[in-house]
Amino acid sequence: MRILVLRALGLGDLLTAVPALRGLRAAFPGAEITLAAPGWLADAVARIDAVDRLLPTEELAPIAFEDPDLAVNLHGKGPQSVRRLMATRPRRLITCEGWQADRHEVLRWCDLLEQHGIRCDPDDFRLPPAGHRTDRIVIHPGASTGARRWPVERYAAVAKALGPSVVVTAGPAEHDLARRITPDPVTGTLAELMDLVATARLVISGDTGVAHVATAYRTPSVLLFGPVSPDLWGPRRGPHRVLWHGWSGDTFAEEPDPGLLRITVEEVLDAAEGVRRDPSDLARATSV
């Protein structure tokens, strides 16, 4: 049996789909599961035991696959994603027929498969250990849009207060931003970034892929949310503190979201101390 899954989005999107992918694997243990997703995610896909093959596919681009026995749309509600999957001529298609805007992203895709008789465990999101914990504190100031970027000067103040154990990370297009905090940010491969986060003592970041890596590895974290609610994209459990001022806005805006700007340096430092002092499973701390 050949199963084609479409999730041609980013790192955080991929990791929130892990429970659904594992549900598919459990339901069809002998199937070959192909994931259509961007090629740069290869290092992350390799760590998910539910996927046999990555088919490099950019968002809403044609899918180079023919005649799957089952096509599963974990990408969105369509119609573009549905058309791309239908073009592969699947024998059967699973896709959203309704959209609950206030549903957590992990639960959304588990719900979809459950509706088709495929059981999923939304708490089955963890990745295998990547090494022993270190004393490093990872600060990741970047995000995919300006609306999710807490001001870099505030990250710099946090880094200064936390001392020499801080490591600042940056994606391919974030080097200049990170250099405003430190002259030597870490800009390695995706695998190196994931290993660094997996073994860190603490991660501080906004609502971005690094936050989901910390969730997947149970790395204690302080996560700064805005303009999207953590009830939709935040960690559902684990040693994490989420700062959120209850202000929803345009996630694609160029400037930092007003709610995100309400988070202070002192709040972040207090949350960091709380997580470091007690890294057990914590209820989300909502700052209002």
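Modeller: Contact means that heavy atoms lie within 4.5 Å of each other. Helices (H or I, at least four residues) and strands (E, at least two) are DSSP runs, numbered from the N terminus. The model is predicted, so local features need pLDDT of at least 70 and side-chain atom pairs count only at pLDDT 80 or more, while totals for chains, interfaces and linings use all residues. Residues are numbered from 1 along each chain as its sequence is written, and side-chain values use heavy atoms, with hydrogens and water left out.

Colleague: How many helices and strands does the secondary structure of the protein come to?

Modeller: The chain has 288 residues, of which 56% are buried; buried means under 20% relative accessible area, exposed over 50%, and partly exposed in between (1.4 Å probe, protein chains only). Its secondary structure comes to twelve helices and ten strands.

Colleague: Why is the protein said to be as compact as a globular protein of that length?

Modeller: The C-alpha trace spans about 55 × 35 × 35 Å along the principal axes. The radius of gyration is taken over C-alpha atoms, and the globule rule is 2.2 Å times the number of residues to the power 0.38. The protein is as compact as a globular protein of its length because, for 288 residues, the rule gives 19 Å, and the radius of gyration of the protein is close to that, at 19 Å.

Colleague: Against which elements do the buried residues of α5 pack?

Modeller: Helix α5 (residues 105-115) is mostly covered, with eight of its eleven residues buried. These are Glu105, Val106, Leu107, Arg108, Trp109, Cys110, Leu112 and Leu113. Gly117, with a positive phi near 80 degrees, follows the helix. The buried residues of α5 pack against α1 (11-16), α2 (18-27), β4 (70-73), β5 (93-94) and α10 (230-233).

Colleague: Is His212 buried or exposed?

Modeller: His212 is placed in helix α9 (residues 209-216). Beyond four places in sequence, His212 touches Gly12, Leu15, Thr16, Asp207 and Trp233. Because its relative accessible area is 11%, His212 counts as buried.

Colleague: At what relative accessibility does Ser221 count as buried?

Modeller: Ser221 is part of strand β9 (residues 221-224). Its contacts, apart from neighbours within four places in sequence, are Leu202, Val203, Ala214, Pro239, His240, Arg241 and Val275. Ser221 therefore counts as buried, at a relative accessibility of 0%.

Colleague: Which residues does a cis peptide bond join at Pro79, and which at Pro227?

Modeller: Most peptide bonds are trans. Pro79 sits in the loop between β4 and α4 (80-86), and Pro227 in the loop between β9 and α10. Omega is about 10 degrees in the bond at Pro79 and about 10 degrees in the bond at Pro227. The joined residues are Gly78 and Pro79, and Gly226 and Pro227.

Colleague: Is Asp67 buried, exposed or partly exposed?

Modeller: Asp67 is in the loop between β3 (53-56) and β4. Its phi is positive, about 55 degrees, although Asp67 is not a glycine. Because its relative accessibility is 38%, Asp67 counts as partly exposed.

Colleague: What is the relative accessible area of Arg89?

Modeller: Arg89 lies in the loop between α4 and β5. Phi of Arg89 is positive, near 60 degrees, in a residue other than glycine. Arg89 is partly exposed, and its relative accessible area is 47%.

Colleague: By what distance are the C-alpha atoms of Gly274 and Ser165 separated?

Modeller: Gly274 belongs to helix α12 (residues 265-277) and is buried, with a relative accessible area of 3%. Gly274 and Ser165 are 109 residues apart along the chain, and their C-alpha atoms are separated by 17 Å.
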